[in-house]
Every structure is written in C-alpha cells, then in structure tokens.
Amino acid sequence: MSRRKNKSSFGVLFLFALIIGGALYVYTSAIFERDVPVVQMENNGYWNLKKPLEISINDASGLKSYKIILKTATEQKTLQHEQYVTPQKSLNVKVSPPKSAYAMKEKEISIIVQATDTSKWNLLNGNSVIKEYKLKIDKKRPQLSAVANSYKIKKGGAALVIFKAKDDNLKNIYIQTNFGKIFKAQPFYKEGYYISLLAWPVTENSFRATIVAIDNADNIAKVTVPLYLKEKKYRTSYIKLSDKFLNGKIAELAEEFVETQGVTDSIEQFKIINEDVRAKNEKLIHDITSKVSTDMISNFKMKKMYPLKNAAIVAHFGDHRKYSYKGERISESYHLGLDMASNAMAKIKPQNSGDVVYADYNGLYGNMPIIHHGLGLYTLYGHCSSLNIASGDSIRAGTQIANTGKSGYAMGDHLHFGVLIQGIEVRPAEWMDSTWMKLNISNVIKDAKEIIDRG
Ligand SMILES: [Zn+2]
C-alpha cells in the first residue's frame, strides 16, 4: 500500500518537476523572450512633410515584421510594411510622407509604428509593440527679411543689420558667413525683430553674410545681407629680428611663459612666443568677446572712441608682420589692434560705458582690461601698467580704467587698442570716426525703427 502510494506520488512529483522545468525553460529561454521591440523616432513634435522621419526599431530576438501608419482625423494610411524571412535585429527606417500629404489640411497627425519580434512567446505569436507619435504639421517657412543694414562693409571692418524673423514655431536664428563664423542676433525693439553687428576678418579675402531662420519643423528661410563689399589693402611689414631684441625682450618673456620653459634657442623661443603663446592669448580674448546677450534692446548708442588723449598712432590695425633672422623667414602674425602712444603711464579713458568682462594679465597683451559695450561689441586695452577696474565692474563713460605701460610683448610704453565684434577683431579706425558711426550704426537703427513703427 504504502509502496504503491510512494511510487505514484513519485510519478506525480516527476511530472510536476517536468512541467516546472519546462516552464522555467520557456520562461528563461531566448526563443521565448518576452521583451517587446524598442521603437524610437527622432522628433520634437513637428513635421514639415518634407524631411523623411527616421525611425529605429530594435529587438534582441530579431524582428519579424513592422508597419508604419499615418493617422489623420479621417483616415489611416499604411506608409510602410515589411515582413522578414530572416529576423532583423536592428532596423533604421526612413519614412517619406505620401505624395498626397503635402495637400493635407490637418494641423496634427499621428505616426503609428507597429513591430513584432520572432519570439515564441505569446503562443508563438511573438512580442508586439504599438507606438504612436503625435506630430504637428508645419509646412511654412519662417518669414524672413532684412529691415535695414549698413550700405557697405570694408575688409577688416564692421557693419550692422536689423531684420525681421517671424514664425509660430521659430527654433533658431543666426547669421552664417562664408568663413565659418556664425554671428548671433539679439532681439531688437519689437517682437520678431533682431539686430546684429557683423565683422569681416582682416585675414579673409571675401565676405558674405546670410541670415538663417529655422522653425521646429526644420523649415528654413535664408536671406543674404545686401552689403556692398569694399576692399582694403593692409600693410605687410618685413621685420628683421636683431640679436639685441632676441636676447633682450624675447629672453625676458621666455622666462615668464610656461611654453618656453627649457627652450634655450632664442629663435625657437621667438617662434613659440609669437605663435603658441599668441594663439593661447587670442583664444582667451575671442572666448570672452564672443558672448552676446539674448535680452531685447531698443537702442545702441555709441560715442566716437578715443581712449587716449593727444596720442600718436605708432602701429596700424591689420599689419601682416613677417619676421626673419639672417635672411631666413622665421614666423608671422597679424597685428589686430591700433597702437597709440602719448606720455608714459598715460590715462586710459573709454568714451563709452560698459561692463568690465576681464581685467587681468594675458601673456603678450600684458595687463589687459576688456569692456563689453553691448551688442557683442568689445574694447580691449593691452600693455597697461596698472588697472583701476576689476572684472564685473560697470563703468561709466570717461572713467579712467588704467594707465598705459609696456607689460607683455611691448617695447615702449603704449596702448594696444582693440575693438572686437563677437570674437573678431575689427578696425578701431571705424569706431573712432563719427561719420562712419552715424552712417553705419545710428542711421541704420533710426531707419529700422521708422520701418518697424510703420508696421
Ligand atoms: Zn599692438
């Protein structure tokens, strides 16, 4: 009795173990996996019905089929449908809108993605996923037009542009150039209007600026700023390096810089200072002066600049300096400021108010304050002997900010005066000329406001 009972209960136990084992096998086996396919679509909720939608579908056990449906308020339309004999682990599907879509009146549609994998789970049907993406339809390009701009731009110089950019879903506006620089624009005066200073770098042979407006659906509008280009020849100076200079100023600077530690050859020292140290110092300047506020401004009034009274010009902006030693070309650089000199330790007083964004030592530039006057326009004062201001200060027009000197790479006491627009050095001469400033800055702003006010 008890033996038989034992026998049969053993049989039940065995069957039970088999079922559990089988279930465990199904439950843990890869061919019975229960993970649904992963569907992803790159989108920000907008579609222009031009750019194909990019959808990725991934599944560990492999995909058996997928279907992509366009759903509107009135209909559902299959855009793509695939069934695979060989399971696909990863799919990147590009979905173009149907030909009829462009005439569609709907403001919002849905894209439904269905995908099924090859798992034996779900009574051999596999795991399925359905994902729905709601997309706002925006086929309209942003409205874009130049409102007013400077008539011309000179090589090495600046110009101003004011433009209108309107779109219900405006994502980005900027000004593209032929030399890779992108200028930012600042909101101006009334909603939908923008202003930007532009700069033609002295090292570039041509200039073209194109305003670009992009909306959330990636509709793009472009308008080229209609500027008359004016050539300007800049000087090339051939400078012979003397032993006196190399053993004097260069040896002195070489002791100071990290880059020249352990370098004993004076020509090598000069090259490192003129190229590597200069590049590092200029990068700092360009980084600081690239910033533009996103606040709306309604005016930009600048007085003619003249930071040093009764000064003589001792070196010009844009000089291409080529250095040689004993008849051999050694190095070159551009002089990107205007050198002015009067008395030693003369008072430096900017004529325009602004915010001090830097007031410290910067290698070749010595003690160097930088002031932001708004709209991405900065002024820089190199080789100072002493500084009266600190970073973060706001200064009024006429404040004495520093004294001239010969700190950094300077032979005699002078001021290296730099003007920068969004990180690009421009000719200080333009900003020291009241006629140029009236024609290119204040008149453009006045004209633009009149046009904007007329609606
Ligand atoms: Zn200089």
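Predicted model: local features only at pLDDT ≥ 70, side-chain atom pairs only at ≥ 80, totals over all residues.
## Helix α5: span and ends

Helix α5 runs over residues 434-454, 21 residues in total. From first C-alpha to last, α5 reaches 28 Å. That is close to the 30 Å expected at 1.5 Å a residue. The helix is kinked by about 35 degrees, with the kink centred on Asn443.

Asp433 caps the N-terminal end. One of its side-chain oxygens lies 3.0 Å from the backbone nitrogen of Thr435. Just after the helix, Gly455 takes a positive phi of about 95 degrees.

## Helix α5: buried face

An α-helix has 3.6 residues a turn, so residues three or four places apart point the same way. In α5 the buried residues are Trp436, Met437, Asn440, Ile441, Val444, Ile445, Ala448, Lys449 and Ile452. They pack against strands β7, β8, β9 and β13, and against helix α4 (428-431).

Lys449 is among these buried residues. Its charged end sits over the ring of Tyr189, 5.1 Å from the ring centre.

## Aromatic contacts

The model has 12 aromatic pairs. In one of them, the ring centres of Tyr151 and Tyr228 are 5.7 Å apart. Their planes meet at 20 degrees, so the pair is stacked. The pair links distant parts of the chain, 77 residues apart. Tyr151 lies in the loop between β7 and β8, Tyr228 in strand β16. Tyr151 is exposed, at 61% relative accessible area. Tyr228 is partly exposed, at 44%.

Phe245, Phe270, Tyr323 and Tyr409 form one aromatic cluster. Elsewhere, Lys232 lies over the face of Tyr234, 5.4 Å from the ring centre.

Terms used. Residues numbered from 1 in each chain as written. Heavy atoms only, no water. Helix = DSSP H or I, 4+ residues; strand = E, 2+ residues; numbered from the N terminus. Expected span 1.5 Å × (residues − 1). Bend = angle between axes of the 7 residues up to and from the residue. Buried < 20%, exposed > 50% of the residue type's maximum accessible area, 1.4 Å probe, protein only. Contact = heavy atoms within 4.5 Å. Polar contact = N/O pair within 3.5 Å; in protein donor to acceptor, adjacent residues only side chain to side chain. Phe/Tyr/Trp six-rings, centres within 6.5 Å; stacked < 30°, edge-to-face > 60°. Lys NZ or Arg CZ within 6 Å of the ring centre and 35° of its normal.
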